Amino acid sequence: MIKISHHGATSGVTGSCHELTLHSEQPPPAGILIDCGLFQGAEKGDGASASNLSVDFPIDHIRALVVTHVHIDHVGRIPYLLVAGFEGPIICSEPSAIMLPEILEDALKIGFTRDKQLIERVLSLIRSRLVPVPYGQWHEVFAEPGRSLSIRLQRAGHILGSAYVECDAVSGDKHERIVFSGDLGAPHAPLLQEPASPERADRLVIESTYGDKDHESRESRRYRLKAILERALADGGTVLIPAFSIGRTQELLYEIEGLIHEFGNDCVTDGLAWDDLEIVVDSPLAAEFTSIYRQLKPFWNGEAADLVRQGRHPLSFEQLTVINSHENHLNAVDYLARSHRPCVVLAGSGMCAGGRVVNYLKAMLGEARNDVLFVGYQAAGTPGRDILAYGLRGGWVEFDGERFDIRASVHQVGGYSAHAGQSDLIRFINGIPEKPAEIRIVHGDASAKQAFKQHLESLGYSGILIPD
Ligand SMILES: [Zn+2]
């Protein structure tokens, strides 16, 4: 029997952790995990939640962990997996293998320990387990009498290094191809190649973050970003963009560089040309990943490679300032809160649940000349979701037990989410030559999953499950 089970991302979009296991009378079961992520906001997993992260399901039979991409909601529980006794390899794409220790170092510092030596021990253990696998190549996880399991990674177009996982499982006389989508990207994403459909998927486990809606097109959201920046900066305030360190920050920088290049001498606002607009990345982690993104040019898409050939530097332009030290961060918050100099600040975390963006929000939400621009999904229970929900009607948000009134304008541009929209997900599924016999919808709000299920059924798909 070839069984799929879920240890997270079934009642929301975080804490992704799926299991594929081959069961037989003899020998004992053997399987793999796909991702091992952290829960965020109010979302809970299989007995584990943001406050209780220990791995609470059996793992003795788990031979390998396959990582689809390095977002924390897909990899953040790896240290806890090691603590639980996991001894297998960590299989991922080549860019992910470079980024994974970096993101986990940060996660360990925040949620695990401040002990540098312990962090270094955990990281070297993780590095020793990493098995980078090139896109498009089969990799054997195990092969023994009567059963075998191989995996292949394909580009998912979500963040650099992201992959969906094709699993070729043989158990007795049963031979199945099972595909785990991970997070899929939208087509025409800056920097990334878009995903192609799998050649076969007898069973498909697919995300549905935007299973109920489509994004605006790349061109229209680019000009909307331009219009929002122009309007927001007109009264001399700061535009604060809460952004994830990996993916959105780099996409936004790429897009802003494009706007600066296209509109150079034009005014963003009275007396300020696009060429002179200051962009601040206030996040050591985002800066670190921007630099890794720059090193990984061989994995960029054709459009980005063309820009580099033309002598452009989409991720390191002259208007960009990076703030690293905590002291400079506090100075920047203080300075921008008092000055009336138009400025765009990108700071994490993307859902405002922690990180440097919180200091900016505390200092700036009360002033009408400031603006908050959301570019990503805000999970239920996060301050980001509250600001989005109540900010538009002059409400408040709570940080550290204190209320902060929201007088700043709140905007949202949907397309930089780095997640496929409904039609992109449908195109991904429709592109599979033979309809999957089973489609499991995970990684979405309940309403998005329901809407996506209904849409698939209206297109003639059956065997659609929403696991809980
Ligand atoms: Zn992701």
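Select Phe-263 and Trp-274 to begin: both are buried, where buried means under 20% relative accessible area, exposed means over 50% and partly exposed lies in between (1.4 Å probe, protein chains only). Before moving on, note that this is a predicted model, in which local features need pLDDT of at least 70, side-chain atom pairs count only at pLDDT 80 or more, and totals for chains, interfaces and linings use all residues. Residues are numbered from 1 along each chain as its sequence is written, and side-chain values use heavy atoms, with hydrogens and water left out.

**Stop 1: the aromatic cluster**

Stay on Phe-263, which counts as buried at 12% relative accessibility. Its ring and that of Trp-274 form a tilted aromatic pair, 6.4 Å centre to centre with 40° between the planes. Helices here are DSSP runs of H or I with at least four residues, strands are runs of E with at least two, and both are numbered from the N terminus.

Tyr-223, Phe-263 and Trp-274 form one aromatic cluster. The structure holds 5 aromatic pairs. Tyr-223 and Phe-263 make one that is edge-to-face, at 6.4 Å centre to centre and 80° between the planes. Since Tyr-223 lies in helix α5 (residues 218-233) and Phe-263 in helix α6 (residues 248-263), the pair ties together parts that are 40 residues apart in sequence. Tyr-223 is partly exposed, with a relative accessible area of 34%.

Which residue lies over the face of Phe-263? Show Lys-226: it is there, at 4.2 Å from the ring centre. A charge sits over a ring if NZ of Lys or CZ of Arg is within 6 Å of the ring centre and within 35 degrees of the ring normal. For another example, jump to Tyr-461, where the charged end of Lys-435 sits over the ring, 5.1 Å from its centre.

**Stop 2**

Come back to helix α5 and pick Arg-222. Glu-262 forms a salt bridge with Arg-222, and the closest N and O atoms are 2.9 Å apart. The criterion is a side-chain nitrogen of Lys or Arg within 4 Å of a carboxyl oxygen of Asp or Glu. This pair links distant parts of the chain, with Glu-262 in helix α6 and Arg-222 in helix α5, 40 residues apart. Glu-262 counts as partly exposed at 40% relative accessibility, while Arg-222 counts as buried at 10%.

Next, select Arg-218 and Glu-303, whose side chains meet in a salt bridge (3.2 Å, N to O). Here Glu-303 in helix α8 (residues 302-309) is linked to Arg-218 in helix α5, 85 residues apart. Arg-218 counts as buried at 15% relative accessibility; Glu-303 is partly exposed, with a relative accessible area of 38%.

**Stop 3: salt bridges elsewhere**

How many salt bridges does a search of the whole structure find? It finds 29. Asp-334 counts as partly exposed at 40% relative accessibility, and Arg-338 is exposed, with a relative accessible area of 56%.

Then show Arg-152, Glu-166, Asp-168, Arg-177 and Glu-199 together: they are linked in a network of salt bridges.

**Stop 4: the open sheet**

Finish with the strands. Switch to cartoon and follow the order β1-β2-β3-β4-β5-β6: these 6 strands form an open sheet with mixed pairing. Two strands pair if DSSP finds at least two bridges between them. At the edges are β1 (2-6) and β6 (130-132), each pairing on one side only. The twist averages 25° from one strand to the next.

Zoom in on β5 (residues 90-92), which runs parallel to β6 and is joined to it by 3 bridges. The bridge partner of Ile-90 in β6 is Leu-130. Contact means heavy atoms within 4.5 Å; axes are lines fitted to C-alpha atoms, for helices over the stretch in contact, and angles run from 0 to 180 degrees between N-to-C directions. Last, select helix α4 (residues 116-129): it also packs on the sheet and touches β5 and β6, but its direction makes about 40° with that of β6.

Methods: Phe/Tyr/Trp six-rings, centres within 6.5 Å; stacked < 30°, edge-to-face > 60°.
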